[in-house]
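Have the sequence and the 3D view at hand as you read.

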Amino acid sequence: MGTQIEAVVSQPYYQADRQLLYPAGTRITGTVQKSSSAGWMKRNGSIVFAFSSVRMPDGTTSDIHSTVGGIQAERSEGLDVGKEGEIRATTSTFARLLAPVSLIGPSRAVADTTLQKTAWSRAGEGRKGFGLLGVGAAQASASTAIGFGYFGAAKRLCDAFITKGSNVELPVNTPIFLRLDSNDPSVALATR
């Protein structure tokens, strides 16, 4: 915490009356106010920036008070911004919903009293636990295929609910939007 950060205004920012407020190239500095690392049980990391100083391209400086208002990130990056400007790593809700569903295949196979499982169903169960190697090994017996299926389901459940969460990673030049404490709603920036 307290680490210095710098951002650069990537596009000119105008006030509502079309008066230029911050030209492109304006540098905004601040500090990391709070950060937390990812933890077990899918607890994700987060970070809060506070920006406090503006240096115009002509060298003049002024004070500002702003927080992060938004971030332009791909959905696959798993980032979200809270109301207080906290950038948080996120976990896919879809993956969490699908994890328990992965128990259906092996459970149905156990309930099936016939010992003649098809090669196709064995391959599917084996793939869940050990990928391509599991597909071949599951052909040994129905019990092996069911075991691989349960192993794959346990692995998915562990990944969805127990393992460490994700940390916040902002690549260089990630566009962020600032929320100014004055009447000016936001400024488009790129992190450095």
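Start at Tyr-14: Arg-18 sits over the face of its ring, 4.6 Å from the ring centre. Keep in mind that what you are looking at is a predicted model.

Stay with the aromatics for a moment. The structure has two aromatic pairs. One of them brings together Tyr-13 and Tyr-22, with 6.3 Å between the centres and 25° between the planes. That pair counts as stacked, because the planes are under 30 degrees apart. Are these two tyrosines buried or exposed? Tyr-13 has a relative accessible area of 12% and Tyr-22 has 7%, so both fall under the 20% cut-off and count as buried.

Now step back for the overall layout. There are four helices and 10 strands. Of the contacts with a separation of 6 or more, 54% involve residues 24 or more positions apart. Buried residues account for 35% of the 192 in the protein.

On to the charged side chains. A search of the whole structure turns up three salt bridges. One joins Arg-27 to Glu-6, at 3.0 Å from N to O. Where in the chain do Arg-27 and Glu-6 sit? Arg-27 is in strand β4 and Glu-6 in strand β1 (residues 4-9), 21 residues apart, so this pair links distant parts of the chain. Arg-27 is partly exposed, at 28% relative accessibility, and Glu-6 is partly exposed at 28% too.

Arg-88 meets Asp-80 with the closest N and O atoms 2.9 Å apart, and it meets Glu-86 at 3.8 Å, N to O. Asp-80 is partly exposed, with a relative accessible area of 33%, and Arg-88 is partly exposed as well, at 28%.

Finish on the outside. The protein exposes about 11600 Å², with carbon and sulfur atoms supplying 56% of that area. Which residues form a nonpolar patch on the surface? They are Trp-40, Met-41, Phe-161 and Ile-162, which together have about 450 Å² of accessible area. Met-41 lies in the loop between β4 (27-36) and β5 (46-55). Its relative accessibility is 56%, so Met-41 counts as exposed. Follow that loop back and you reach β4 (27-36), the strand that holds Arg-27.

Methods. Residues are numbered from 1 along each chain as its sequence is written. This is a predicted model: local features need pLDDT of at least 70, side-chain atom pairs count only at pLDDT 80 or more; totals for chains, interfaces and linings use all residues. Side-chain values use heavy atoms; hydrogens and water are left out. Helices (H or I, at least four residues) and strands (E, at least two) are DSSP runs, numbered from the N terminus. Buried means under 20% relative accessible area, exposed over 50%, partly exposed in between (1.4 Å probe, protein chains only). Contact means heavy atoms within 4.5 Å. Accessible areas come from the Shrake-Rupley method with a 1.4 Å probe; for residues, only the protein chains shown count as cover. Patches are made of residues with over 30% relative accessible area and no salt bridge: like charges are joined within 9 Å, nonpolar side chains (Val, Leu, Ile, Met, Phe, Trp, Tyr) within 5 Å. A salt bridge is a side-chain nitrogen of Lys or Arg within 4 Å of a carboxyl oxygen of Asp or Glu. Rings of Phe, Tyr and Trp (its six-membered ring) pair if their centres lie within 6.5 Å; planes under 30 degrees apart count as stacked, over 60 as edge-to-face and the rest as tilted. A charge sits over a ring if NZ of Lys or CZ of Arg is within 6 Å of the ring centre and within 35 degrees of the ring normal.
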